Amino acid sequence: MLVYTAATDSSADRFLSSLVDLYAIVYAEPPYQEGPQEVARFRENLPGEATRPGFNMIAAEDDGLLVGAAYGWTMPAGTWWSRSDQDPPSEIRDVDKFAVLEWIVHPDRRKSGIGTELMHRLLSQRTERYATLAANPTSNARRIYQRTGWRQVATSTLPWGPPMDLLVRPLSMTGGA
């Protein structure tokens, strides 16, 4: 049976190991083709991410097996993505934003509505005016974002990966999705 669970800070601890395993499966695929080094970096950084202000995770489990997850935290007013080639418009930069850091679904469970439900649950209760995320421009997820109202405002290049599109989407004042 498919169960969705919301987790914040320490309540996310029970998902972290399974989340690393799911990350390794999802990001081994093209266009990402991440290997052990990138998975190790994710594993190392994940516990600290769960302690960030405004952290929230939605996990999808089927009979106790993690099949999808989405999480993020509050990006404070005045801040923006590192290595961005430009600032967003001031109405975005100058307010708190919800930064979606991961949105992943096991390849065998895609196209079943899990991803849509994860993002809906993650954004629906947020109080920030905008959500933002970084997306690989060649990924299937990037096309999904465009169809669902996300718009590109900048690009960021990290030392270990391709340039990423920095996207934003307004959230309603009564709930984000």
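Predicted model: local features only at pLDDT ≥ 70, side-chain atom pairs only at ≥ 80, totals over all residues.
Two rings of Phe, Tyr or Trp (its six-membered ring) form an aromatic pair if their centres lie within 6.5 Å.

**Exercise 1.** Find how many aromatic pairs the whole structure holds.

*Solution.* Searching the whole structure turns up six aromatic pairs.

**Exercise 2.** Classify the pair of Tyr23 and Phe42 as stacked, tilted or edge-to-face.

*Solution.* 
- Step 1: the ring centres of Tyr23 and Phe42 are 3.8 Å apart, with 5 degrees between the planes.
- Step 2: check burial, where the cut-off is under 20% relative accessible area. Tyr23 has 7% and is buried; Phe42, at 7%, counts as buried too.

**Exercise 3.** Work out the geometry of the pair of Trp103 and Tyr145, and where each residue lies.

*Solution.* 
- Step 1: the centres of Trp103 and Tyr145 are 5.3 Å apart, and their planes are 40 degrees apart, which makes the pair tilted.
- Step 2: Trp103 belongs to strand E4 (residues 97-105) and Tyr145 to helix H5 (residues 140-147); being 42 residues apart, they link distant parts of the chain.
- Step 3: Trp103 counts as buried at 17% relative accessibility, and Tyr145 counts as buried at 7%.

**Exercise 4.** Name the residues that ring pairs link into a cluster with Tyr23.

*Solution.* Follow the ring pairs: they join Tyr23 with Tyr27, Tyr32 and Phe42 in a cluster.

How values were computed: Residues numbered from 1 in each chain as written. Heavy atoms only, no water. Phe/Tyr/Trp six-rings, centres within 6.5 Å; stacked < 30°, edge-to-face > 60°. Buried < 20%, exposed > 50% of the residue type's maximum accessible area, 1.4 Å probe, protein only. Helix = DSSP H or I, 4+ residues; strand = E, 2+ residues; numbered from the N terminus.
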